Amino acid sequence: MAKIKVKLTKSRIGSPIDQKRTLDALGFHKLNSVIEVEDTPSIRGMINKVSHLVTIID
């Protein structure tokens with residue numbers, strides 16, 4: 001499958017607990033960290049949920 005790179009660009013402080021858990025499930029630990037994940041519908045949904053905190057890198 002294709003891979004996509006996602007970067008955590010905004011702080012998780014003040015976010016609801018479900019969004020924090022979504023960031024944990026994606027694998028984010030620190031601000032400005034970049035992860036590479038499979039491009040599946042479930043991952044796309046997780047990214048969409050926290051889209052205001054992350055950016056997709058080409």
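Where is the place of Asn32? In this predicted model, Asn32 sits in the loop between α1 and β2. Its phi is near 65°, which is a positive value in a residue other than glycine. As a rule, most residues other than glycine have a negative phi. Asn32 is also partly exposed, with a relative accessible area of 46%. A positive phi turns up at Gly27 too, the residue that follows α1, and there the value is near 110°.

Helix α1 itself covers residues 17–26, and its buried residues are Gln19, Thr22, Leu23 and Leu26. Looking down the axis of α1, these buried residues fall within an arc of 100°, so they line one face of the helix. On the face turned away from the buried side, α1 carries the exposed residues Ile17, Arg21 and Ala25. What do the buried residues of α1 pack against? Their partners are β1 (3–8), β2 (34–38), α2 (41–49) and β3 (54–57).

Gln19 is found in helix α1 and is buried, because its relative accessible area of 14% is under the 20% cut-off. Leaving out residues up to four places away in sequence, Gln19 touches Lys49, Val50, His52 and Leu53. With one of these, His52, there is a polar contact between side chains, at 3.4 Å. Leu26 has its own set of neighbours: beyond four places in sequence, it is in contact with Ile35, Val37, Ile43, Met46, Ile47 and Val50.

Leu26 also belongs to the largest nonpolar core, which has 13 residues. Those with the most contacts inside this core are Val6, Leu23, Leu26, Phe28, Ile47 and Val54. Which elements give two or more residues to the core? They are β1, α1, β2 and α2. Of these, β1 gives the most, with three residues.

Ile4, Val6 and Leu8 make up its covered face, while Lys3, Lys5 and Lys7 make up the uncovered one. That arrangement goes with a general rule, that in a regular strand the side chains alternate between the two faces of the sheet. How many bridges join β1 to β2? There are five, and the two strands run antiparallel. Within this pairing, Ile4 has Val37 of β2 as its bridge partner. β1 also pairs with β3, again in the antiparallel sense, over four bridges. Here Lys7 stands opposite Thr55 in β3.

Finally, Val34 is placed in strand β2. Is Val34 buried or partly exposed? At 45% relative accessibility, Val34 counts as partly exposed. Setting aside neighbours within four places in sequence, Val34 is in contact with Lys5, Val6, Lys7 and Ile57. The C-alpha atoms of Val34 and Thr9 are separated by 9.3 Å, although these residues are 25 residues apart along the chain.

Key:
Residues are numbered from 1 along each chain as its sequence is written. This is a predicted model: local features need pLDDT of at least 70, side-chain atom pairs count only at pLDDT 80 or more; totals for chains, interfaces and linings use all residues. Side-chain values use heavy atoms; hydrogens and water are left out. Buried means under 20% relative accessible area, exposed over 50%, partly exposed in between (1.4 Å probe, protein chains only). The arc is that of the directions from the helix axis to the C-beta atoms. Contact means heavy atoms within 4.5 Å. A polar contact is a pair of N or O atoms within 3.5 Å; within protein, one must be able to donate a hydrogen and the other to accept it, and residues adjacent in sequence count only if both atoms are side-chain atoms. A nonpolar core is a set of buried Ala, Val, Leu, Ile, Met, Phe, Trp, Tyr and Cys residues joined through side-chain atoms within 4.5 Å. Two strands pair if DSSP finds at least two bridges between them.
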